[in-house]
Amino acid sequence: MSDAVVVVWDDALLGYTLGGDHPLHPVRLDLTMRLADGLGVLSGDRVRVLAPTPADEALLTLVHDPAYLEAVRRAPADPSVGHGLGTPDNPVFDGMYDASALVAGGSVLAARQLHTGAAQHAVNIAGGLHHAMRGTASGFCVFNDAAVAIAWLLDQGYERIAYVDVDVHHGDGVQAAFYDDPRVLTVSIHQTPLTLFPGTGYPEETGNPEKASGSAVNLALPNGTDDSGWLRAFDAVVPSVLRAFAPQILVTQCGCDAHHEDPLADLALTIDGQRAGYRALHELAHELCEGRWLALGGGGYGLVRCVPRAWTHLIAELAGAPVDPRTEIPQSWRDDVVRRGLRARPPTSMTEGGYAGFARWDALGDSRIDRAVLRTRRASFPYFGLDPDDPRD
Ligand SMILES: [Zn+2]
Ligand SMILES: [Zn+2]
């Protein structure tokens, strides 16, 4: 696959920093870009790196209340401003408005590249802040760049946009932004809300029944789900609903916190399973959307051992030049990790030796994964004219 690819990046994106001890530390993005660069992923002749400009008010108010924008602006001087700001999850920091607007601007820039045809795939690893709501910060997210980019695409006349969220947490903010809108299908695969923030994302959340029934699909997986189980569940739900919906563009939130070492969640994927998931999304973008694929980052709190490898694989996948999993990690990158005083042991290889194969779902399966799959298929498939119990659907 030979596509023009845009990687949105500027070191200014590191300004989205919630404080030294906060899990969403921007060093994860810095280490990712350095690893990708060190492995030659950014120097392919089809790859362009573009610096974003901040999203203006007209863009941000596509999905956020003006009063909330004002609160974000005022918060550094008045931390008791409310709107979910100034909490342990969403601490106030200097320059918060500008840093958050820059992330959103990056995702809109990526969307614009696809819309104009300048690129077939575009990625903003600083984006994917999927928990932010219309009038509140939530889950480390101030402005919902994913929702802003989708709303901008709707304004350009797209009628069917699919959003697939593979972050370990439910993509609640994006789902909420488009719950009433049949033009946007949101699909989220996550750890069950019974055991994880934000406590939503049950299969029975399927879109506003009056206005947009079937426009949300939720696949809630049991704690401990590994590569094979995750891929089996993905395969049993996502391709079918996407094919039925026939999107014009695919937006993916590629949070990598489903990793087995992630400190905030309890799924058990390896880098190898995550890489396979990104490949599956890439194939769907070509099969269904003439390649139009907007990839965003998201969660991921294994700052050293997970995020840099997972998203280097993601960028390489977009660029059509996948990194061989057996590739050794450059010593200079490892030295940099040590020099920064980061506690985690730097990885040596781009693989964890995970098994990224899976057996296809069948309706008679009775594992916890299969029961989760069936619950989602029964809640959602009828809206797409699909048979929940027929494994061919
Ligand atoms: Zn491609
Ligand atoms: Zn997450």
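**Helix packing and sheet order**

Helix α1 passes α10 in a right-handed crossing (right-handed if the near helix is turned clockwise from the far one by less than a right angle, left-handed if anticlockwise; helices are DSSP runs of H or I with at least four residues and strands are runs of E with at least two, numbered from the N terminus). The model is predicted, so to speak of local features takes a pLDDT of at least 70 and side-chain atom pairs count only at pLDDT 80 or more, while totals for chains, interfaces and linings use all residues. Residues are numbered from 1 along each chain as its sequence is written, with chains lettered from A and ligands numbered from 1 in the order in which they are written.

From α1, L31, R34, L35 and G38 meet S332, W333, D336 and V337 of α10 (contact here puts C-beta atoms, placed from the backbone, within 7 Å). Sorted by class, the contact of α1 with α10 holds 4 nonpolar, 2 polar and 2 charged residues (Ala, Val, Leu, Ile, Met, Phe, Trp, Tyr, Cys and Pro count as nonpolar, Asp, Glu, Lys and Arg as charged, and the others, Gly among them, as polar).

Taken as a whole, the protein chain has 11 helices and 8 strands. Its C-alpha trace spans about 55 × 50 × 40 Å along the principal axes. A compact globule of 393 residues would have a radius of gyration near 21 Å, and the 19 Å of the protein chain agrees with that (taken over C-alpha atoms; the globule rule is 2.2 Å times the number of residues to the power 0.38).

Now for the sheet. It is open and has 8 strands in the order β2-β1-β3-β8-β7-β4-β5-β6, with parallel pairing (two strands pair if DSSP finds at least two bridges between them). The edges belong to β2 (47-50) and β6 (216-221), each with a single partner strand, so one side of each has no neighbour in the sheet. From one strand to the next, the twist averages 15 degrees. Further in, β4 (residues 161-165) and β5 (residues 184-191) pair in the parallel sense over 5 bridges, and A162 has L185 as its bridge partner in β5.

Two helices can be followed onto this sheet. α7 lies across β4, β5 and β6, running at about 175 degrees to β6. α8 (residues 271-289) packs on the sheet as well, where it touches β4, β7 (249-253) and β8 (293-296), and its direction makes about 165 degrees with that of β7.

α7 (residues 227-245) packs with α11 (residues 368-380) at an angle of about 15 degrees, their axes 9 Å apart. That makes α7 roughly parallel to α11, and the crossing is right-handed. On the α7 side, G229, R232, A233, A236, V237 and V241 meet I369, A372, V373, T376, R377 and S380 in α11. The residues of this contact of α7 with α11 are 7 nonpolar, 3 polar and 2 charged. As for α8, it packs with α9 (residues 307-318) at about 25 degrees, with the axes 9 Å apart. α8 and α9 are therefore roughly parallel to each other, and α8 passes α9 in a right-handed crossing. I271, Q274, R275, Y278, R279 and H282 of α8 meet R309, A310, H313, L314 and E317 of α9. That contact of α8 with α9 counts 4 nonpolar, 3 polar and 4 charged residues.

Finally, a word on the backbone. Most residues other than glycine have a negative phi, and most peptide bonds are trans. F197 and P198 are joined by a cis peptide bond, with omega about 0 degrees, and P198 is found in the loop between β5 and β6. F140 has a positive phi, near 75 degrees, without being a glycine; F140 sits in the loop between β3 (121-124) and α5 (145-155).

Note on methods. Axes fitted to C-alpha atoms, helices over the stretch in contact; angles between N-to-C directions. Parallel < 35°, antiparallel > 145°, perpendicular 65-115°, else oblique.
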